[in-house]
Amino acid sequence: MSLHSKHLRLSLLMVNILQCNVCSLPARLPSIQYLISSSKCSIILVSETWLLPSRIIPHFNLFRQDRVDGYGGVVIVAHTSFNVTLLEINPPKTTALGK
């Protein structure tokens with residue numbers, strides 16, 4: 001049985017969520033992939049990703065907000081066994097206090 005099919009079967013029973021601040025996901029990707037695999041994570045929340053547009057993680061959907069300078073950035077990574085949809089939320093316009 002492949003890791004992907006084992007993960008799919010486990011995701012039906014439980015959801016493991018990993019949250020981390022990585023200060024450059026590319027530099028720590030092997031460690032993060034080990035954490036994902038060993039703890040059978042289904043959802044990963046990552047801050048300070050420093051990602052380039054071409055980065056992917058097999059068997060996962062990435063929902064990203066990158067900074068234009070290549071630093072910072074956040075990503076939500078969800079296993080492909082989840083039916084997920086990105087919702088665009090436009091915050092209301094705010095005004096200065098007292099005006």
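pLDDT is the predictor's confidence in each residue, on a scale from 0 to 100. This is a predicted model, in which local features need pLDDT of at least 70, side-chain atom pairs count only at pLDDT 80 or more, and totals for chains, interfaces and linings use all residues. Residues are numbered from 1 along each chain as its sequence is written, and side-chain values use heavy atoms, with hydrogens and water left out. The chain averages a pLDDT of 80, and 79% of the residues score at least 70.

**Overall layout**

- The chain holds two helices and four strands. Helices (H or I, at least four residues) and strands (E, at least two) are DSSP runs, numbered from the N terminus.
- Along the sequence, the pattern reads α-β-α-β-β-β.
- Of the 99 residues in the chain, 25% are buried. Buried means under 20% relative accessible area, exposed means over 50%, and partly exposed lies in between (1.4 Å probe, protein chains only).

**Confidence by element**

- Among the elements, helix α1 (residues 3-11) has the lowest mean pLDDT, at 55. Strand β2 (residues 43-47) has the highest, at 92.
- Where pLDDT is low, the predicted coordinates should not be read in detail.

**Strand pairing**

- Two strands pair if DSSP finds at least two bridges between them.
- Strand β2 and strand β4 (residues 74-79) run antiparallel, joined by five bridges. I43 has A78 in β4 as its bridge partner.
- Strand β3 (residues 60-65) also joins β4, through six bridges, and these two run antiparallel. Here F63 has I76 in β4 as its bridge partner.

**Nonpolar surface patch**

- V15, I17, L45 and I76 make a nonpolar surface patch of about 320 Å².
- Patches are made of residues with over 30% relative accessible area and no salt bridge; like charges are joined within 9 Å, and nonpolar side chains (Val, Leu, Ile, Met, Phe, Trp, Tyr) within 5 Å. A salt bridge is a side-chain nitrogen of Lys or Arg within 4 Å of a carboxyl oxygen of Asp or Glu.
- Accessible areas come from the Shrake-Rupley method with a 1.4 Å probe; for residues, only the protein chains shown count as cover.
- I17 sits in strand β1 (residues 17-21). I17 is exposed, with a relative accessible area of 54%.

**Cysteines**

- The structure holds zero disulfides. The cut-off for a disulfide is a pair of cysteine sulfur atoms within 2.5 Å.
- The sulfur of C41 has its closest cysteine sulfur in C20, 8.7 Å away, which is too far for a bond.
- C41 is buried, at 3% relative accessible area. C23 is partly exposed, at 36%.

**Loops and backbone angles**

- Most residues other than glycine have a negative phi.
- K40 is not a glycine, yet its phi is positive, near 55°. K40 lies in the loop between α2 (25-38) and β2. K40 is partly exposed, at 37% relative accessibility.
- H59 is not a glycine either, and has a positive phi of about 70°. H59 lies in the loop between β2 and β3. H59 is partly exposed, at 43% relative accessibility.
- V68 lies in the loop between β3 and β4. V68 is exposed, with a relative accessible area of 89%.
- V68 and L52 are 16 residues apart in sequence. In space, they are 9.8 Å apart, C-alpha to C-alpha.
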